[in-house]
Amino acid sequence: MNRKICFANVILPLPVKGVFTYKIPADLSASAKPGMRAVVQFGQKRIYTSIIQSIHTEIPVHYKPKEILSLPDNYTVIFNNQLDFWNWMSSYYLSTLGEIYKAALPAGLKPESETRFTLSGNNFDNVEIKPKEKLILSLLQDKVSTNTREISKVTGLKNPLLYIHSLIEKGLIQVEERLTKFYKPKLEAFISLTPDLPERSSLIEIIEKLSKAPRQKETFESFLYLTQELTEKGKAGLKKSILLKDRLSNTHALDALIKKSILTKTYRQVSRLDTGTHDIQKLKTLSEVQKSTLSEIDNKFKTFNTVLLHGVTSSGKTEIYAHLIEKQLKSGKQILYMLPEIALTTQIIERLKKYFGKKIGVYHSKYSDAERVEVWKNLINESSENRFQIILGVRSSVFLPFKKLGLVIVDEEYENSYKQ
């Protein structure tokens, strides 16, 4: 396939039928793949983050396709099996692919453009400006740009569009479309020794020189203690928040040490998710009834894809699930454990984490959008040591990018909250 004349059919997060064809620029042709995000212009001005459904060389006949503006990533955010799943859902539920896309991905992965207004730079002289238009111009003089929502909030105008259009016609303000960025990585400050410090002076000399500044001396000694002096950890860095928790450390003293180039501060991207270590317990030994039930489930799976397990509350179903999960983990598979929103409690999360630790990720509506984006990215990052193998989630977790899904547990499947 000649990549230089390739086209992409993309899915837009809009309730419109079908997919839309865009030309792939020559400089992006080698990178574009189905499942990747692509930033495109739709209509005259609006910009959306689309998903590439397919790539082909068929030139559209009835129109000249626009070019893809950019590819935000160098990896796919959804896999082929998900695209197949979306196509099935679209057919079965008589819905558009755009609606499914909008429901499936966290907002942070599908930013779209926002209309913003800026001053045009034209002279106001000899132009009749109404009092309410002056309010908008005054706001824009204080800001680089603004949107309709902010204009309404600051000026108190209930319907500012009438005055905005008037100012555009007078050539006093201009319109631009900017792609909003919903997801922002979490950054945390780390403190470390200045890289060339050990070569130009010893730590003992530094401590002696700091004798006249006792708070700085104590803060520096605290840093050395927490990083075990000249270990690699000391050079790699210590979280600023951990250092300042020590009773001998002081914010002003730390700033002074950084200014003196004794310590240095850097920012690193950190996870919002709980990937800490947990005390792992062995699975509980099953009772004879539980063993018999587990054996019957295994036998049913040889013939059927779905098995219905009846069991009253506190009858030991969760222990059976845990053994089924462990079997899939040994086969290198992923597991989706679904619960109704109301049943996804701290108790069940902690109970399963005692067995499976950091292999478990949680996905539900109480998570912020940024946290949901990080769960999504965790699952598509196959090289990550902290990649989740088990997801404990509500119904929206069926859209997550599983690549080796071996088992889906739908606990309390009779609950109405699974359906809409």
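Contact here means heavy atoms within 4.5 Å, and angles run from 0 to 180 degrees between N-to-C directions. In these terms, and in a model that is predicted, helix α11 (residues 251–259) lies across strands β7 and β9 and runs at about 105 degrees to β9. The two strands belong to an open sheet of three strands, ordered β8-β7-β9, in which the pairing is antiparallel. Since β8 (238–239) and β9 (263–270) stand at the edges and each has a single partner strand, one side of each is left without a neighbour in the sheet. Strand β7 (residues 186–193) is joined to β9 by eight bridges, the two running antiparallel, and K186 has V270 of β9 as its bridge partner.

The residues of α11 that are buried are A253, L254 and L257; seen down the axis of this helix, its buried residues fall within an arc of 100 degrees, so they line one face of α11. At the start of α11, the backbone nitrogen of H252 has a side-chain oxygen of N250 within 2.9 Å, and after the helix comes S261, with a positive phi near 65 degrees.

Just after α8, a positive phi of about 55 degrees is taken by Q228.

A further open sheet is formed by four strands in the order β11-β12-β10-β13, with parallel pairing. Its edge strands, β11 (360–363) and β13 (405–410), each pair on one side only, and neighbouring strands of the sheet are turned against each other by 15 degrees on average, direction ignored. Between β10 (residues 334–338) and β13 the parallel pairing extends over five bridges, with I335 standing opposite L407 of β13. Helix α15 lies across β10, β11 and β12 (390–393), and its direction makes an angle of about 140 degrees with that of β11.

Helix α15 (369–380) is also among the elements against which the buried residues of α1 pack, together with β1 (7–11), β4 (46–56) and α2 (97–104). Helix α1 (residues 80–92) comprises 13 residues and reaches 18 Å from its first C-alpha to its last, close to the 18 Å expected at 1.5 Å a residue. Within α1, the residues Q82, L83, W86, M89 and S90 are buried; they cover an arc of only 120 degrees around the axis, which puts them on the same side of α1. The exposed residues N80, D84, S91 and Y92 are carried by the face of α1 turned away from its buried side. The helix is followed by L94, whose phi is positive, near 55 degrees.

When neighbours within four places in sequence are left aside, the residues in contact with E319 are K284, L286, Q290, R351 and Y355.

T21, in strand β2 (residues 20–23), likewise counts as buried, at 14% relative accessibility. A polar contact of 2.8 Å joins its side chain to that of N9. Apart from residues up to four places away in sequence, T21 touches F7, A8 and N9, as well as H56, P60, Y63 and P65.

Terms used
Residues are numbered from 1 along each chain as its sequence is written. This is a predicted model: local features need pLDDT of at least 70, side-chain atom pairs count only at pLDDT 80 or more; totals for chains, interfaces and linings use all residues. Side-chain values use heavy atoms; hydrogens and water are left out. Two strands pair if DSSP finds at least two bridges between them. The expected span of a helix is 1.5 Å times one less than its number of residues. Buried means under 20% relative accessible area, exposed over 50%, partly exposed in between (1.4 Å probe, protein chains only). The arc is that of the directions from the helix axis to the C-beta atoms. A polar contact is a pair of N or O atoms within 3.5 Å; within protein, one must be able to donate a hydrogen and the other to accept it, and residues adjacent in sequence count only if both atoms are side-chain atoms.
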